[in-house]
Amino acid sequence: MNKRISVFLIIAMFFTIVSGCSGDSSSKEAKMSLIQSVDQDPVYLGDHSKAPLEKIKEKVASHKEIYDVAVVQKDKDILVAYKVKHMQRFRMKSIESKLDKELKKNFKSFDFTVSSDMKIFLETVELIVNVKDKGYSKKKAGKWFDKIMKLQKDMA
């Protein structure tokens, strides 16, 4: 009898783990960004004063510690999410501080939010993919952008 209960518990745990891992609604490309570089083009969501997003992306990607960058702009706010090379992860705070100062110095008329957090990066990549591929409306994409910005502020 105890053997039956043990087998049942093992099977129940297996299905719980499998269903917990597959319940994510992330796009395939966002999931792939966990293990490889996705190199997404920057996206502009607002109506006014478009920033040179390609230039911003190139400037961030030029740092040797960084291997993938996602940039989204909504009005005056620019979200820069990036991935740091594994051996540089112990310097993430200094890299973030250096990037923030550099971007604010070179692009003075915009407000930057810089993040190396993987959750922020995944959300940003998924937003970019949905805007480009699924044609999200500006309003819906703007709400998602605001949600990501709030998440970043809550984590800080």
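**Close-up views of aromatic pairs and strands**

Tyr 136 is partly exposed, with a relative accessible area of 24% (buried is under 20%, exposed over 50% and partly exposed in between, for a 1.4 Å probe and protein chains only). The model is a predicted one, in which local features need pLDDT of at least 70 and side-chain atom pairs count only at pLDDT 80 or more, while totals for chains, interfaces and linings use all residues. Residues are numbered from 1 along each chain as its sequence is written, and side-chain values use heavy atoms, with hydrogens and water left out.

**View A. Phe 107 and Phe 112 form a tilted aromatic pair.** The structure holds two aromatic pairs, where rings of Phe, Tyr and Trp (its six-membered ring) pair if their centres lie within 6.5 Å, with planes under 30 degrees apart counted as stacked, over 60 as edge-to-face and the rest as tilted. Between Phe 107 and Phe 112 the ring centres are 6.2 Å apart and the planes stand at 55 degrees, so this pair is tilted. Phe 107 has a relative accessible area of 10% and is therefore buried, and Phe 112, at 8% relative accessibility, also counts as buried.

**View B. Tyr 136 and Trp 144 form an aromatic pair that is tilted.** The two rings lie 5.9 Å from centre to centre, with 45 degrees between their planes. Trp 144 is buried, its relative accessible area being 12%, whereas Tyr 136, with 24%, is partly exposed.

**View C. Lys 140 lies over the face of Tyr 136.** The distance from Lys 140 to the centre of the Tyr 136 ring is 4.7 Å (a charge sits over a ring if NZ of Lys or CZ of Arg is within 6 Å of the ring centre and within 35 degrees of the ring normal).

**View D. Strand β4 runs parallel to β3.** Five bridges join β3, residues 77-84, to β4 (strands are DSSP runs of E with at least two residues, numbered from the N terminus; two strands pair if DSSP finds at least two bridges between them). One of the contacts to follow in this view is that of Leu 79, whose bridge partner in β4 is Thr 113. Four of the five residues of β4 are buried, so the strand is largely enclosed by the rest of the structure.
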